[in-house]
Every structure is written in structure tokens, then in C-alpha cells.
Amino acid sequence: MTARLGTALAILTLAVALPATAQPPKLSLPLDCDIGRTCYLEDYVDTDPGPGQRDYTCGIKSRDDHRGIDFMLLSFDDMEAGVNVLAAASGTVAATRDGMADTAVTAETRDAIRGQECGNAVRVDHGDGWQTLYCHMKQGSLSVRQGDMVKAGDVLGQVGLSGLTNAPHVHLGVLRDGQIVDPFAPDARDTCGAPLDQSLWEIALPYDPAGLFTAGFSTAVPEFEAVRSGAARASTAQPDQPIVLYGHVFYAQPGDLLTLTAEGPQGEIFTHEITLDAPQAQLFRAFGRKAPEGGWEPGDYRGYVRLTRGETILAVRHADITIAP
């Protein structure tokens, strides 16, 4: 899951002059993609003021202290091909940062990015205290600089993997006078859901309670408790061990499709589809292969678990494992 931004919004603090009056901005998509086809929404603003988490519908699609909306790409290949980050509304570029590497965060690299969790970023001022912040952009891709005027839909840069994240996406933060605003429910006060006419979005964006907690590799079909606790996850394996990919699903509906794919140095290992005929509030599914004769080729392997409903992509998670020499 993408990592917490925490104090990431504090990293771009250059002051700009604001117009005396301005209406709240109406927001367009901050990503050049098709929601549910080439991208999807993952984590929403955390509306729980305490140590827990909840999204604006009182669902679980947020994380503690998550301060924006995550627009996710489907794969690292899409990031490498290049997907543009777009200005969600017209305004003036107030601040930028570039130069951070596109590297998934690990426990070992966490301290190195402290205070720069937003990664390569752009902050746009829309007047009357309203601003938008675009995080985790690709190193060297920024196409604007401080003082530039931008219109809604203008290219700011490309999606990357900089800062506190482990999957390619753009984190959109909306602020009023420095305070986080949920663009889905800007006037919400401890309520579940919000009327569409309260939203800051120009168009209605989809919300579905279903999703994926995580995906992982193991060397055997794990027990559910091990999946939920994280104990099932293996980061390394021996060449003679099986490779098993699993996905942990929540709130799926009958007929939803789970697709598990894995590839390594020799190319695709498997693609397997599972129809969820009678899903529970939480479940996991797994699929794998035994080691071929002579063992797996040493190197890095990546798997994707995709949850779809009809033609709509609801969630994607990835997992990595290294086969030792």
C-alpha cells in the first residue's frame, strides 16, 4: 500500500500573493488516464480525527493521517512509458521540487527521505487560500516552475516513484489556508458520504468499497491469518522452492474477477483468473507454480493481483520476490 505522507504537505512552503476573492476551485482529473481502465483511485482523505482511519463514506479506503487522494497507475511499465500529471484547476505555480530518485521506499531508505515524503512535487495556488499539491512525480519530468501560470489540464510533469511510496501514482492534496480539504466532501462534519453538489470535482468520480489490502509472494499456499498479519510474505526464495502469489481482498461482490500474474527474468510464469462467486467481507486467493527442472532462474520477480468488476478495474497490488543465486 502506498506509504503515509504524514507531514509531506509541509515541504513546499513558498508564499504567494492571493487574490482578494475567489471561488473554491472545481477540479478536473490530475492524471491523464481513464478511471477504471488505465488508472484507479486507491486511498482517500482520512476523515477520522483519531488514530484510526475512514474515508468520506465511512469506508476503509484510507490510511491513518492520509491527506489526499491517490490516483494509481496499473503497473510500473505504465510509469516507464510516461503518464502525465495534469493541473486540476487553473492557477499559479507556487513551488516545485525535483531531483529525488524514483525508488520505492524501504525500511532502509525511510530516514533518507524524512521531510521530503511528497517526493518530486508541484504546488499550485488557485487564490483565496486554495491550493493543490501533486506528489511523487518522476525525476526530471517537471515541465513548470515557480511563477508559471497554468490552466486546468496543463501538463505539470509525469507520474513517478519519488518520496514515500512503493507504487507509481500521483497523490493529490487539496488545501484551504494550509488545511487539508477532502474534495469529495469539503463541508463534511463526521458524516458518511456527501451530496454530489458538495464535491469539488467537475465530474462525478466513482467510489466502490471493494479493494485489495495487499498482494504478496510466498513459497507455499499460506494460511489466512498469516496473510492478514503479513507473516506470509516472502521477499526471497531458493531456486528449488515454489512461487506462490496471493491477494487479500475486501468487500468484493459475487462475480468479481481476481487475476494473478507473475513474471521473472525468463518472462511470464503464470496468469491465473479466479471468479469470486461467494465472497466474504475479507478473503484471500492464491496461485503458484512449482520450481521447474533445474530451478528458477536467479533474479527479481514481480507479481500483480488485479480486482475487476466487468470491464472496470477496482484495484491492483504488486509484490516482489528475489530468487537467490
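Arginine 176 is partly exposed at 28% relative accessibility, a class that spans the range between buried (under 20% relative accessible area) and exposed (over 50%), computed with a 1.4 Å probe on protein chains only. Its side chain meets that of aspartate 177 in a salt bridge, with N to O at 3.9 Å; the term covers a side-chain nitrogen of Lys or Arg within 4 Å of a carboxyl oxygen of Asp or Glu. Aspartate 177 itself counts as exposed, at 57% relative accessibility. The model is predicted, and local features need pLDDT of at least 70, side-chain atom pairs count only at pLDDT 80 or more, while totals for chains, interfaces and linings use all residues. Residues are numbered from 1 along each chain as its sequence is written, and side-chain values use heavy atoms, with hydrogens and water left out.

Under the salt-bridge rule, the count comes to 12. Side chains of opposite charge can pair when their charged atoms come close. One of these bridges joins aspartate 256 to arginine 309, with the closest N and O atoms 2.8 Å apart. Because aspartate 256 sits in strand β14 (residues 256–264) and arginine 309 in strand β17 (residues 299–309), this pair ties together parts that are 53 residues apart in sequence; strands (E, at least two residues) and helices (H or I, at least four) are DSSP runs numbered from the N terminus. Aspartate 256 is buried, with a relative accessible area of 1%, whereas arginine 309 is partly exposed at 21%. Salt bridges with shared partners also join Asp43, Arg63 and Asp70 into one network. In a further bridge, glutamate 117 meets arginine 110 at 3.2 Å, N to O. Here glutamate 117 is buried at 3% relative accessibility, and arginine 110 is partly exposed at 22%.

Attention now turns to the cysteines. A disulfide, that is, a pair of cysteine sulfur atoms within 2.5 Å, was found three times in a search of the whole structure. When the bonded cysteines of the protein chain are numbered in sequence order, the pairing reads 1-2, 3-6, 4-5. Cysteine 33 and cysteine 39 are linked with their sulfur atoms 2.0 Å apart, and the torsion about their S-S bond is about 65 degrees, so this disulfide is right-handed. Cysteine 33 is buried at 17% relative accessible area, and cysteine 39 is buried at 0%.

The disulfide of cysteine 58 and cysteine 192 has its sulfur atoms 2.1 Å apart and is left-handed, with -85 degrees about the S-S bond. This pair links distant parts of the chain, 134 residues apart: cysteine 58 lies in the loop between β1 (39–41) and β2 (69–73), and cysteine 192 in the loop between β10 (179–181) and β11 (211–218). Cysteine 58 is partly exposed at 33%, while cysteine 192 counts as exposed at 56%.

Cysteine 118 is joined to cysteine 135 with an S to S distance of 1.9 Å, and this link is left-handed, with -90 degrees about the S-S bond. Since cysteine 118 lies in the loop between β4 (91–97) and β5 (120–127) and cysteine 135 in strand β6 (residues 130–137), the pair ties together parts that are 17 residues apart in sequence. Both cysteine 118 and cysteine 135 are buried.

How many residues does the largest nonpolar core have? It has 75 residues, and Leu31, Phe71, Val122, Tyr134 and Leu156 are those with the most contacts inside it. Such a core is a set of buried Ala, Val, Leu, Ile, Met, Phe, Trp, Tyr and Cys residues joined through side-chain atoms within 4.5 Å. Strand β18 (residues 312–323) gives the largest share of this core, seven residues. Not counting residues up to four places away in sequence, leucine 31 touches Cys39, Phe71, Leu73, Val83, Asn84, Val85, Leu86, Val159 and Val170, where contact means heavy atoms within 4.5 Å. Another core, of five residues, lies apart from the largest one and has Ala121, Leu133, Cys135 and Leu175 among its members.

At the level of the fold, the protein chain has two helices and 18 strands. Of its 325 residues, 50% count as buried. Among contacts between residues at least 6 apart in sequence, 72% join residues at least 24 apart. The C-alpha atoms fill a box of roughly 70 × 40 × 35 Å, taken along the principal axes.
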